[in-house]
Amino acid sequence: MVEWTQQERSIIAGIFANLNYEDIGPKALARCLIVYPWTQRYFGAYGDLSTPDAIKGNAKIAAHGVKVLHGLDRAVKNMDNINEAYSELSVLHSDKLHVDPDNFRILGDCLTVVIAANLGDAFTVETQCAFQKFLAVVVFALGRKYH
Amino acid sequence: MTTLSDKDKSTVKALWGKISKSADAIGADALGRMLAVYPQTKTYFSHWPDMSPGSGPVKAHGKKVMGGVALAVSKIDDLTTGLGDLSELHAFKMRVDPSNFKILSHCILVVVAKMFPKEFTPDAHVSLDKFLASVALALAERYR
């Protein structure tokens, strides 16, 4: 089981309490699709992804970005049992969506970059440590039920 | 792994033009974050009296690392030749596991995003990421 300090808990709670999901979610997913274009393989039904501008303007992608970001709420609410909290989602990503789990790490890195851009100096070293630890735990949980 | 297109090269040069005056600060911040967020990287610096973010050794070394990045920008058309000496250094003297280049690259990207949110567009991000991956590849050239 993962151990969280009081400081880590409050950093994570603080990030998500002040997060503009409608802004950050679309930006993180779009950046992932632009910077790591092979991730587009999972979005064949989402319309025009032919250029960075097309991706940035794609409403379906934006909506999905919001959805995915809200997927992290589950971890924020269950910090002491993230593995169990993502059990079903892990099976879904493995058996139905067939997503290579390395993509979770990639999207996590893009989210880190977008949040750093958003928070500026407030994205302190301690904040980055806590946030990347949090993402690593979620990424592990999402990959756990692959077989 | 990656071939830099003409667009990548011009994007990197343009971005570098905007951020290079803050190179020392970027290097210090990125290195400090790397050591804190990925503690396994501290194994290479056990000879430092202080590995904390903002410390003297971290600032000095961050400046040195960004000097290497500046050199790479100037040799962007032939990184393998341009970074030959640095590759020998990393391969034979320092013996840094190449997986750490990716880790430091990520920290550089985070710091650039933090300091230059407007300039670090997705287009700039992909070109800089490719560039840093190419630098890493050139640095690992002499390993084996």
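Okay, before anything else: when I say two residues touch, or are in contact, I mean that they have heavy atoms within 4.5 Å. And keep in mind that what you see above is a predicted model.

Take B:Phe131. Skipping residues up to four places away in sequence, B:Phe131 touches B:Leu4, B:Val12, B:Val69, B:Ala72, B:Val73, B:Ile76 and B:Leu79.

Now over to chain A. An unreviewed UniProt entry puts the feature "binding site" at A:Tyr46 and A:His93. Let's look at each one.

A:Tyr46 is in a loop of chain A, between helix H2 (21-35) and helix H3 (52-57). Leave out its neighbours within four places in sequence, and A:Tyr46 is in contact with A:Asn58, A:Lys60, A:Ile61 and A:His64.

A:His93, on the other hand, belongs to a helix: H7 of chain A, residues 87-96. Is A:His93 buried or exposed? Well, the relative accessible area of A:His93 is 17%, and buried means under 20%, so A:His93 counts as buried. As for who's around, not counting residues up to four places away in sequence, A:His93 touches A:His98, A:Val99, A:Phe104, A:Leu142 and A:Tyr146.

Definitions and conventions
Residues numbered from 1 in each chain as written. Chains lettered and ligands numbered in written order. Predicted model: local features only at pLDDT ≥ 70, side-chain atom pairs only at ≥ 80, totals over all residues. Heavy atoms only, no water. UniProt positions renumbered as here; feature names shortened; annotations may be inferred. Helix = DSSP H or I, 4+ residues; strand = E, 2+ residues; numbered from the N terminus. Buried < 20%, exposed > 50% of the residue type's maximum accessible area, 1.4 Å probe, protein only.
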